[in-house]
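This report is about a ligand and its protein surroundings. Please keep the sequence and the structure in view while reading.

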Amino acid sequence: MNAKSVLILGIESSCDETAAAVVCNGREVLSSVIHSQIDQHAVWGGVVPEIAGRSHLEQIVPVVSRALSEANIEVGQVDAIAVTSRPGLLGSLLIGVTAAKSLAWVNNKTLIDVHHIEAHIYAALMSVVEWDFPYVTLVVSGGHTSLYRSDSPLQHTLLGCTRDDAAGEALDKGAKMLGLPYPGGPSIESAGSTGDPAAYPFKLPLLDRDSLDFSFSGLKTALLYTLKGPGGKREDETLENAGNLSGLCASYEYAITETLAIKCIRACTQTGIPRLLVGGGVARNLRLRARIKEHAEREGIEANFARPEHCTDNAVMVAGLGHARYLAGQCASLDLDVAAR
Ligand code: KG4
Ligand code: ZN
């Protein structure tokens, strides 16, 4: 660390991961600690807000302490504390924000509030060595599926978003129908890895010719009817009615990922921006990466993806975006509030 180094402690607790990280100059990861609550929510088939809040409360202090000790620093050495304040589950956000405020107050540190989606975008930017704005950005997670025009790490204009389910939500709900464990994205990915993506020709929900919006709820219904057997006539929805699990997973995943890829290219064409950033939990998906890469190469578009470990919720992206906000003087006061949206 040289004299000009800026150290940011990032804290993330918007959904079901309690995370803390120390990042130097917005790029160099000194530590990243994530406590995942997946096992606690899996038995319920999805995130239970009350369980999430309680787990954050138990984990926040040990997770932050570990992030500091793994970075080999004391909290007094950080320049600022960045925390996700919106959007997310209110009870979960409150735990991270209260911890960040307390640390900032006691140690007389600058507090920085971070928007969770912008942090996912920053995670994708961290994979690019030399930034060349503007970019078209896809954020695809359990709660969001949106396309933006990004003009800086702090400036994003919405181009389109989902009208119903997020892509990750469609995967999570689809997996539940198929009897696969939560979270559904990785379950469907592994069950479908050897399957034929053309086994079940789901119609791609592309909407109007020029639309940059998404809609995945119809695909979910199509999956349900496939599980009701030929003609969708059976009362019960079972896998036995539908046929093979790997083909079904591969086809469902293909329909979602191909739709996302087509919309990314459409956004690049419409805006005339030949550079793409992709982040968010679903960006871990190998089929999505392959579909986007194939389309992008064909169209001469540069596609950049967040590193796999920075796709799902983490605090590195919070500390990273916190650094950009710190440099821009965008700090929060100690009466910082949380917001679900
Ligand atoms: O970004 P994230 O951790 O939380 C939100 O901000 O929503 O994303 C979680 C979502 C879940 O819907 C999960 O099923 C999905 O990301 N996901 C995946 C994969 N890993 C996580 N989807 C597809 N393939 C994956 N490998
Ligand atoms: Zn997220």
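## Domains and the position of the ligand

The domain bounds used here come from an automatic or database domain assignment. The model itself is predicted, and within it domain 1 (7-121 + 312-327) and domain 2 (128-305) both contribute residues to the shell around ligand 1, so ligand 1 lies between them.

Viewed as a space in the protein, the volume taken by ligand 1 is the largest pocket. Two or more residues of the shell come from each of the elements α4 (116-125), α5 (167-177) and α6 (184-191), and of these α6 gives the most, with four residues.

## Composition of the shell

There are 20 residues around ligand 1, and those that come nearest are Gly 142, Asp 172, Gly 185, Glu 189 and Asp 313. Sorted by class, the shell around ligand 1 holds 11 polar residues, five nonpolar and four charged ones.

## Polar contacts and burial

Oxygen atoms of ligand 1 take part in contacts with both side-chain and backbone atoms, as the following distances show. On the side-chain side, an N or O atom of His 116 is 3.2 Å from an oxygen atom of ligand 1. On the backbone side, an N or O atom of Gly 143 lies 3.2 Å from a ligand 1 oxygen, while a polar backbone atom of Gly 281 is 3.1 Å from an oxygen atom of ligand 1. Taken alone, ligand 1 exposes 550 Å², of which the protein buries 91%.

How values were computed:
Residues numbered from 1 in each chain as written. Chains lettered and ligands numbered in written order. Predicted model: local features only at pLDDT ≥ 70, side-chain atom pairs only at ≥ 80, totals over all residues. Heavy atoms only, no water. Near = heavy atom within 4 Å. Polar contact = N/O pair within 3.5 Å; in protein donor to acceptor, adjacent residues only side chain to side chain. Areas by Shrake-Rupley, 256 points an atom, 1.4 Å probe, with all protein chains shown as cover. 1 Å grid on protein atoms, 1.4 Å probe; cavity = no way out; pocket = protein on both sides within 12 Å on 5 of 7 lines; lining within 4 Å. Sits in = over half its atoms within 2 Å of the grid points. Nonpolar A, V, L, I, M, F, W, Y, C, P; charged D, E, K, R; others polar.
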